[in-house]
Amino acid sequence: MAKLHVSTTINGEPMEFLCEPNDTMLDALRGPLGLTGSKEGCASGDCGACSITVDDQLVCSCLMLAAEADGHELRTIEGMAQGEKLHPLQQKFLEQAALQCGICTSGMLVASDALLRRNPNPTEEEVRFWLAGNLCRCTGYDKIVRAVMETAAEMREAAQ
Amino acid sequence: MQWSAPRNDGPSQAAGNTTGNTFIMSDIQYVAPRTLDEAIGAYAAAGSAARILAGGTDLLVQMRSGAVKPGLIVDIKKIGEMTAIEETKDGGFRVGAAVSGMALHDHPRFGKVWPGVLEAINLIGSKQVQGRASAGGNLCNASPAGDSVPALVAAGAVVTVAGPQGRRELKVEEVPAGPGRTNLKPGEIVVAFTLLPRPKGASDAYLRMIPRTEMDIAVVGCGVNLTMKGGVCTDARVGLGAVAPTVLLVEAAAKALIGSKLDEKALEAAARACSAACRPIDDKRGTIVYRTKVAGVLLRRATAIAAKRAQER
């Protein structure tokens, strides 16, 4: 069975890879592409640990076929920091200890980033609803929500 | 080396180490045609082993669990009309079957005209799921608890399907045949939903009962679509979900509302009609008694919201 050849853009870089027709995007990221920051938690779209964006749309990479990436622009957790410089959300998650085991963290960061790009001034309720598709079994969510709210406030200030 | 510059091993190296631990079989094909005719041809030729891929939020889970083993996956998202949202000059809408919940949410006008339909579609799954999941997929998955379906039934949406025999139109409530089954003929694909122009004073609402605040499956879902004129309800449609093998159009409830000022007597009659229409199952989400009672409660609440919105329009 011939593999499918996929041409896509990941974190701004043109990328090509081969996949089986039924490989998920998460399979491709963690396999041939070597981008293991996206995690597999549930593989059924419930936990959000595999969150990425496709043409700026937040999705679960476990619910997308790798073949569908052809011609689209993807962003993963690996594209979030600029070299050594962490994204403000990453920095704040560290400062606020908004993680413990870390499995949900890349998905939380990608999802939070997608929220702040759409809405730089979310209410706490909006943050909680937005992150309802990202499960964390360690923190109880308060620290994560606080980190997102504080980052949003600081980014708004910096933008002025 | 920057994090933002991922390794590009190229196809030759990549070919060797695809994880692929999910599926061992290899007799599966993926196609993403650019025209509807090509999609219908491929889908019809592959017979019952073929599956349509819109957002994939049901299909990929079913493939992963082994419940579905497609021989052919037909991705319909490269077909223009499948992902288009059109507002017609007279104020109607045509929504492609594969339009995602988020795309519909971000449309500047749709949610103003059909707030109930939009809120129902936007209740499906998380924001990640919203980035992919479509009303077309929700309808064809044919779960009795699909959130978008009761609202689309209440809205009187018309479904355009296309197949080897050409195009035809169905009412939304005519599509589901039972849990996981539809009345589509072999090779037929849902193409779009058409929503008629609305008179002034018309609006809709959808409510579902879940024990959580988010990310759950409806115990009962209720869509109400009203037209109000001088405080009197002149037209109504009611859709009920998760209380029967298919989503229901409850004409008796609508009849109880039409001609009334949505007074207590009319609401009580409509709520009773909803409860009477219920043929639910007992399961971990809710008992027969509970679902039957809640159907009437949601009718009252959704009617109140739709009436308020209708007044403001």
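**Ground rules.** I number residues from 1 along each chain as its sequence is written, letter chains from A and number ligands from 1 in the order in which they are written. Because this is a predicted model, I keep local features only at pLDDT of at least 70 and side-chain atom pairs only at pLDDT 80 or more, while totals for chains, interfaces and linings use all residues.

**Confidence.** I looked up the overall scores and found ipTM 0.97 and pTM 0.92. I then went to residues 1-25 of chain B, where pLDDT stays under 50. The model still has 50 contacts beyond four places in sequence for that stretch; two residues are in contact if their C-beta atoms, placed from the backbone, lie within 7 Å.

**Chain A, two domains.** The domain assignment gives domain 1 (4-79) and domain 2 (88-159) in chain A, with bounds from an automatic or database domain assignment. I find their C-alpha centres 22 Å apart. Their contact takes 14 residues from domain 1 of chain A and eleven from domain 2 of chain A. On the domain 1 side, strand β3 (residues 51-54) of chain A gives the largest share, three residues. I sorted that side by class and got six nonpolar, six polar and two charged residues. Here Ala, Val, Leu, Ile, Met, Phe, Trp, Tyr, Cys and Pro count as nonpolar, Asp, Glu, Lys and Arg as charged, and the others, Gly among them, as polar.

**Chain B, overall.** I list twelve helices and 14 strands in chain B; these are DSSP runs numbered from the N terminus, helices being H or I of at least four residues and strands E of at least two. The radius of gyration of chain B is 21 Å, close to the 20 Å that the globule rule gives for 313 residues, so chain B is as compact as a globular protein of that length. That radius is taken over C-alpha atoms, and the rule is 2.2 Å times the number of residues to the power 0.38. Along its principal axes the C-alpha trace of chain B spans about 70 × 50 × 45 Å.

**Chain B, strands around β3.** I followed β1 (residues 29-31) of chain B to β3 (residues 72-75) of chain B, and they pair in the parallel sense over three bridges; pairing needs at least two DSSP bridges. Tyr30(B) has Ile73(B) as its bridge partner in β3(B). Strand β2 (residues 50-53) of chain B also runs parallel to β3(B), joined by four bridges, and Leu53(B) has Asp75(B) as its bridge partner there.

Methods
pLDDT is the predictor's confidence in each residue, from 0 to 100.
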